[in-house]
Amino acid sequence: MTQNTINSKSQDDREEKFSIRNLIFPFSVALVVLFSLAPILWQFLTSVKTNDAIVALPNVYFPSPNQLTLSHYTELFERRPFFSYMLNSAFVSLTSTILCLTLGSPAAYALARLRIKGENVILAIVLVITLFPYILLFLGLLELVKATGLGNNFLALIIPYTAINLPLTILVMRSFFQQLPRDLEDSARVDGYNTVQMLQKIVLPMTLPALATTGILTFIFAWNEFIFALTFITLEDLKTIPVAAAQIGGSSVFEIPYGTIAAATVLGTFPLVVLVLFFQKKIVQGLTAGAVKG
Amino acid sequence: MKSFWSKSGLYGLLALLSAASILLFKNAARTQETVTIKVLMQALEAAQWEPLVEEFEAQNPDIDLEIVEGPNATNLVEDLYTSSFLLGDSPYDLVYMDIVWTPKFAAAGWLADLSDRVSDESLGQFLPGDVNGGRYNGNLYRIPFRSDAGMLYYRQDLLAQAGYQPPQTTQELMAISQDLQDRDVVEWGYVWQGKQYEGLAAMFVEVLHGFGGFWIDPDTKEVGLDGEGAIAGVEFLRETIDSGVSPGGVTTYQEEETRRFFQNGTTLFLRNWPYVWRFANEDGSQIAGKVAIKPMVAAPGESSGATQGGWGLGMVKTTEHPDEAWRVIEFITSEAAQKQFVLATGYVPSRRSLFTDPQIVAEYSHYPQLLQVQETAVLRPPIAQYAQASDILQRYLSAALTDRITPEEAMEAAADETRRLLGTN
Amino acid sequence: MTQDTIRNREQKTGWLLVTPALIVLLLVYAYPILRAFWLSFFAQNLGTQLQPEFAGLANYGRMMGDSRFWQSLWNTTIFTFVALAFELTLGMGVALVLNRAFRGRGFVRTIAILPWALPTAIMALAWTWIFNDQYGILNDILLRLGLIQEGINWLGNPTLAMIAVITADVWKTTSFVSILLLAGLQSISGDLYEAHAIEGATPWQSFRQITLPLLMPQILIAALFRFAQSFGVFDLVQVMTGGGPAGSTEMVSLYIYATVRRYLDFGYGAALVVVTFIILVAVVAIAFYLLGKVRKSAGVEL
């Protein structure tokens, strides 16, 4: 595969006639697609099968019409507050995204444009903490949450989610600000704007695309976070999707509700699938800017 | 891009509004006249509690008993209770707890001492193992509701045919098993739970007691895992596998796997909990009517022990309504409520009198024998760090049973680590 | 206005803009880590009624003899390195495929990112279902192909469970690696390959002599990120196996979590956090050093 793909151009020139090699490439593409989609598809198929079809042996791959059901989905909404799980996730993710952009962009601007003492130290710290696994923070945060009485309060999630996304926001936004032409700001200064005004009136409108990029990434990370949500929220009505879904898994002693779990998987991932479908390019941009250029 | 922003702004606003309304709603619901007492339990059991809750509320119109459904896995319920205590004010007034949680929750200071609310006389009506399991540092933190204990199930029919009495000692158990296996009467002699999980520790407590050993002395914090009895106990378990009395797979079995072995008629003896009785005797079971129970076997000269399990109610220390919460405890653990619950579900009561209650015996004829088993109950060490101690034992026991290290090595290492945990080395 | 006052104002504004973000970062990152260092010298557990009592280095001493800690460290190491090797290899493959122009490439790229974007905890449920011993599709496929005679209990066997969680992790994060590598590939000029091909080099030689060296910075960065993330892996393993069977997939993060949440052993948990932190920082420092060297020798400004 590797040999074939690097310098496709020169190869195409040399080998014009049909050969096995020409098949390898489409085959690799198909493999990539299959590899990425198969687990999601299987989960989707399971979620619309009747319980009998789910436990049929050998496995039923594509259910026939009489094996189709939506009962697993309705069960999620009837027996569990699944709608509030979704709402909780959406609320926490959106709020922390907005907060993160509000705090992160000014910092990124300062680090990109203004000369501050200790700038390099700040940058190095920001870079290194992107590597910290959340488990290292959970013990200390638990104490903080207890001390501030924030248990079972969305702030106990919103603040950490804002923080864990700040480094990426700062790195991506900083690299964006560095690419902005300086002339704009200079002329703004000449017109008598101070820094804050200039940011509001001139820089902000131009940064919307970059804000969208980082915002999407932040939203994804916040939506997916598990360990804090698992620890700081114990009330059923306040749970977020990943935790709620994971706990359906251990919810029955005698019979594991495979179909319901599958339905929860599909619903819990659906908003993200939509995000990726619409913003694929931005996600790629954001990730590469955050990791490579930082 | 513009539409994206205005849209997400709209959704954000919607989300904010709905969250605000949820919060408002909750506060509104809180201001009612009756007192609400909350308790969390497994969803499955919550359903079984419904008749009790209805009756309680009928008798106590000023109290609203709210059962919060949790996950069915008990460790997840324990986690939920733990987290809600760790995070500060617990949303619950009562704790419905497994006997092994008691010391941990009590040591953490989360439970109210109930000693003053109940007389020794009324405690005396409960099984002693259940009551003792609710004590920690001399205080009482849990009133037992339903009990549980490990025991030996045996095939009455096969033993009678072969002219054997039920075994009293481990040696008899081995000899009878091997004889009937040689004669092809059964495929396996004895099945027990050998997978690395809490059930292994529970099973091993019986073996330990039966060989005169001990795990941890709760008062002196002395560790007995490297004692002679403990090592002999591990050797006995290994011997059951090596001699072919037990299938090699026991080291991966939990309760249900062993029950299936026993229930399909290929096995003579089974170590398990009371719930097996109903399954073994249900319609269509191959061994219906052919099963009997007795206390666990022990080494010659030692007494047998049954690992005490079971569930009871504790009171959250910070509850605003201790008196109302206590009325719930009194009602639920009362003789009448237990009787109703036992008749409906087949669980084991924690009050001694109910084992010989005519109505209950008519339904479950084996309860008088079950009482004998319950009388031999042994507690798992009632120490605050039980969960850690149990995990240590499980690891090394499992290693010894699967022949990765010798019984002595395993028990010495387990004892060492346990001492380090307790700070007594 | 003098140059100095402008400077001063710039300083002030700068700090004004940076401070709010820094405060949040300090609160959520610095406090927990420093607190863990402090707490690791105390016994604070059920034996002390959850009150901190100074214990010196006792927690660290206990860790030395704690076979469970060493096993979890070993499990984490195996998990991290095996997963990393597969993710880099596969990620490179996917990046090479996606780098080539073909119809529908945008769509394939979108699909290739999906696994990365989906919630790990939820996809762990999906993988648990795939590896199910009775109704799992993996067993079904193997049975149909005649490769096995009866269903394998993937998550019930120590070695197989490790393979299962690694597989799920590789699926989940290969796309991240390929995104980073793809960005690197796109910055390599096609002329280099043409010139090389004219000299008679085979595609494999071009890959070895051009692609790999020029891509090394991205490879190292991807490896660094993935190392840190796998070393702290939690969601995936917690949901799929909970660390079992018999602790064979218990990672350091799961042990820390159990120590704090199940055992309420805060002092010891803090010591575990500190040691994990130090290991991580050491590896990251080495990686940065290597990265610096590679950047210098590759002569590329990134």
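Reader: In chain B, what share of contacts between residues at least 6 apart in sequence join residues at least 24 apart?
Author: That share is 73%. A contact means C-beta atoms, placed from the backbone, within 7 Å. This is a predicted model: local features need pLDDT of at least 70, side-chain atom pairs count only at pLDDT 80 or more, and totals for chains, interfaces and linings use all residues. Residues are numbered from 1 along each chain as its sequence is written, and chains are lettered from A and ligands numbered from 1 in written order.

Reader: How many residues of chain B are buried, as a percentage?
Author: 49% of the 425 residues. Buried means 20 or more other C-beta atoms within 10 Å of the residue's own, with C-beta atoms placed from the backbone.

Reader: Switching topic. How many residues does each side give where chain B meets chain C?
Author: Chain B gives 18 and chain C gives 16.

Reader: Which helix of chain B gives the most there?
Author: Helix 17, with 4 residues. Helices are DSSP runs of H or I, at least four residues, and strands are E runs of at least two, numbered from the N terminus. By class, chain B's side has 4 nonpolar, 8 polar and 6 charged residues. Nonpolar is Ala, Val, Leu, Ile, Met, Phe, Trp, Tyr, Cys and Pro; charged is Asp, Glu, Lys and Arg; the others, Gly among them, are polar.

Reader: And how many helices and strands in chain B overall?
Author: 18 helices and 13 strands.

Reader: What does its C-alpha trace span along the principal axes?
Author: For chain B, about 80 × 55 × 50 Å.

How values were computed. Contact = placed C-beta atoms within 7 Å. Buried ≥ 20, exposed ≤ 12 C-beta atoms within 10 Å, placed from the backbone.
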